[in-house]
Amino acid sequence: MVKRIVVDDIIFQDMDNQIIQLEHLTKRFPVGNGFFTALTDINLSFGKGEFAGLVGPSGSGKTTLLNIIGSLDVPSEGKATVLGRSIAELSQKQAANMRNHHIGFIFQTYNLLPVYTVYENVEFALLLQNISAEERRKAVMQALEWVGLTDKEKSKPSMLSGGECQRVAIARSMVKRPKIVLADEPTANLDSKNSHHILQTMQKLNEELGVTFIFSTHDEKVMQYLKRQISLADGKVVADEQVELVSSQ
Amino acid sequence: MVAFKLAYRNLIGAGTRTWLNVSVLSFAFVLIIFHNGMLDGWNRQSRKDTQQWEVANGQYWHPHYDKLDVYSIKDAHKPLDAQIIGKVKDGSLVPMLIQQATIYPQGRMQSVLLKGIPHDQQLLKLPTQELKGVTEGLPAVIGKRMATAAKLGIGDKVLIRWRDKNGTFDATELTIASVFNADVPSIDNGQIYIDFEAMQTMMGLQGDATLLVTGEEKPATMDGWDFKDIKFLLAELDQLIESKKGGGIVLQAVLLLIALLAIFDTQVLSIFRRQKEIGTFIALGLTRWQVVGVFTIEGAAHSILAIVLGAAYGIPFFIWLNAIGLSFGDVDVGITMAATIYPYYSVRLILSTIVLVVIASAIVSYLPARKIARMNPTEALKGKIQ
């Protein structure tokens, strides 16, 4: 078990290691004849190796922010710079290339390809890159080893438990050694035991590989693991806290 | 490769729906090949029969000869020169003298085309050797259609009347020496064959012929004679086959459309149901157009499976059909057609059918898949209907 201590209310910024910068970011969606503003004037930075979470109730804009960082969406106003590139200025192909090489996604409902085996699901991202079959095999097996699923490589997602599916999703997001992993409510469909297992796995990968993890969550269990907690409400950042994790024992 | 693998897995995963689509498409595929194979087989047999019985490798016509104009026929003849006679003797040319005449079977009057042909010719399959050996009356050979129409059989005698070169009527009695059975009605209906020299004598046209049938592989031009090649002589048959193919296309198109509609429907349903998967593809690094490609390939892959399935039952069926042929009995439809037709499946027919089915499937798969290019990936990830 871990204990969470708030150490700073100020956003930690290591300018040399900043990989995500959000400046005056606003996102509006057309609704009927008007617009719904999902995010308002967001200013945030994320450094390399962060283990941060966007925390807030449903509709607070967490997923919208993750989507913009993941180049799945573009801001209506302001600027989102990810890995030195402005998201709004990326072409579809460039954005796809960025996602394929540098950004991993973990979804609440796992989003595994049902017709593929565990191995093939994890391998999929690498198939889009110019990697030899031998290297792919090595990378996939290593990713499965990280999440403890080497014995399930030939199973289909339908044969796995929810926790196992999410571990496959983690392996899929990590296999390409991305710089950023975006996890949207990764534990929402899992029981407590599986949630902790998943979070510990991600924490370990964050520490060992230095990958930046950004969560969107309102799950207390996830919050316990976060090193930085950004609270959102009605599309605005209401708090941005650095926390220190201390073992309760 | 990824798209093909994914398409294969999704198609197999879809189970019954895939197999229903594939079955209908494979049936259309096999039927198209069967129908066109039958027509091609009919065409090949008919061309072969017409060549063997009537036109060989082409004909030299007297410039005034028009087989559809009985009035010009009487003047369409000219003497054979030494070069032609040489070729007739060596068997590479068969001369024919054609004139109009009238027969009186059982007291009825019937106009006929009287054709004189050397009894010793071996270029055409006509049983002209039967024109020798009958001692009573002038021996004649007729086809089964003519025999039926005139109620004549072997050994029957019939009065024939004609005008000679001076317009004088003359008459004699013909003895039917043989009745041949050919699949080529154009050498049969209303026609009587007698010996070439006997006919020249009857008409007072010694040394003349109306046309020359050639067996030479590369017939040369001859002064004073119009050469008619195989293409010209078989044009009517080709047109007939083409018109039959045209009629068949309607049936094939309907069947193919039903199969394609099923694929289209499956694609629409698939895109509707797999929004989350589409979003995941995009999140994993595919562009929207690459996802369109994945779904298009998946739809078009129905055609590949249909071809494989079609081949599985179609090849044995075609081999069996090719061995026994399709019998039409003794039905006489007035066109060159064998009693048993053996289908002919050319590489061109099979490849063109494969290309047609694959391209048509790809198009109907692409049309609904285009919608993906306009999808919002964030909405797709949530599985929201767009």
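Guide: A residue is called buried if 20 or more other C-beta atoms lie within 10 Å of its own. The structure above is a predicted model, and that cut-off is applied to its atoms.

Visitor: Which residues of H2(A) are buried?

Guide: Ala95(A), Ala96(A), Met98(A), Arg99(A) and Asn100(A) are buried in H2(A). Each of them therefore has 20 or more other C-beta atoms within 10 Å of its own.

Visitor: What do the buried residues of H2(A) pack against?

Guide: In chain A they pack against E6, strand E7 (103-106) and H3, and in chain B against helix H9 (275-284).

Visitor: How do you know that chain A touches chain B, and how many residues are in contact?

Guide: Two residues are in contact if their C-beta atoms lie within 7 Å. By that test, 20 residues of chain A are in contact with 17 residues of chain B. Helix H2 (92-102) and helix H3 (118-127) of chain A each give two or more residues to this side of chain A. H2(A) provides the largest share, 6 residues. Sorted by class, the side of chain A that touches chain B has 11 nonpolar, 6 polar and 3 charged residues.

Visitor: Why is helix H1 of chain A called largely enclosed?

Guide: Helix H1 (residues 62-69) of chain A has 8 residues and 8 of the 8 are buried, so the rest of the structure largely encloses it. The buried residues include Lys62(A), Thr63(A) and Asn67(A), as well as Leu65(A) and Ile68(A). Just after H1(A), Ser71(A) takes a positive phi of about 60 degrees.

Visitor: Why are E3 and E6 of chain A said to stand at the edges?

Guide: Four strands of chain A form an open sheet in the order E3-E2-E5-E6, with antiparallel pairing. Strand E3 (34-47) and strand E6 (85-86) each have a single partner strand, so one side of each is left without a neighbour in the sheet.

Visitor: How do you know that E2(A) and E3(A) pair, and in which sense?

Guide: Pairing needs at least two bridges between the strands. Strand E2 (residues 18-31) of chain A and E3(A) have 10 bridges, in the antiparallel sense. Gln21(A), for example, stands opposite Ser45(A) in E3(A).

Visitor: What radius of gyration does chain A have, and what would a compact globule have?

Guide: A compact globule of 249 residues would have a radius near 18 Å, and chain A has 18 Å, which agrees. Its C-alpha atoms fill a box of roughly 50 × 45 × 40 Å along the principal axes. Buried residues make up 46% of the chain.

Visitor: Where does UniProt list a transmembrane region in chain B?

Guide: The unreviewed UniProt entry lists residues 20-39, 249-272, 304-325 and 345-367 of chain B. Over residues 20-39 the model is 100% helix, with end C-alpha atoms 29 Å apart. Over residues 249-272 of chain B it is also 100% helix, and the end C-alpha atoms are 33 Å apart.

Key: Residues numbered from 1 in each chain as written. Chains lettered and ligands numbered in written order. Predicted model: local features only at pLDDT ≥ 70, side-chain atom pairs only at ≥ 80, totals over all residues. Nonpolar A, V, L, I, M, F, W, Y, C, P; charged D, E, K, R; others polar. UniProt positions renumbered as here; feature names shortened; annotations may be inferred. Buried ≥ 20, exposed ≤ 12 C-beta atoms within 10 Å, placed from the backbone. Rg over C-alpha atoms; globule rule 2.2 N^0.38 Å.
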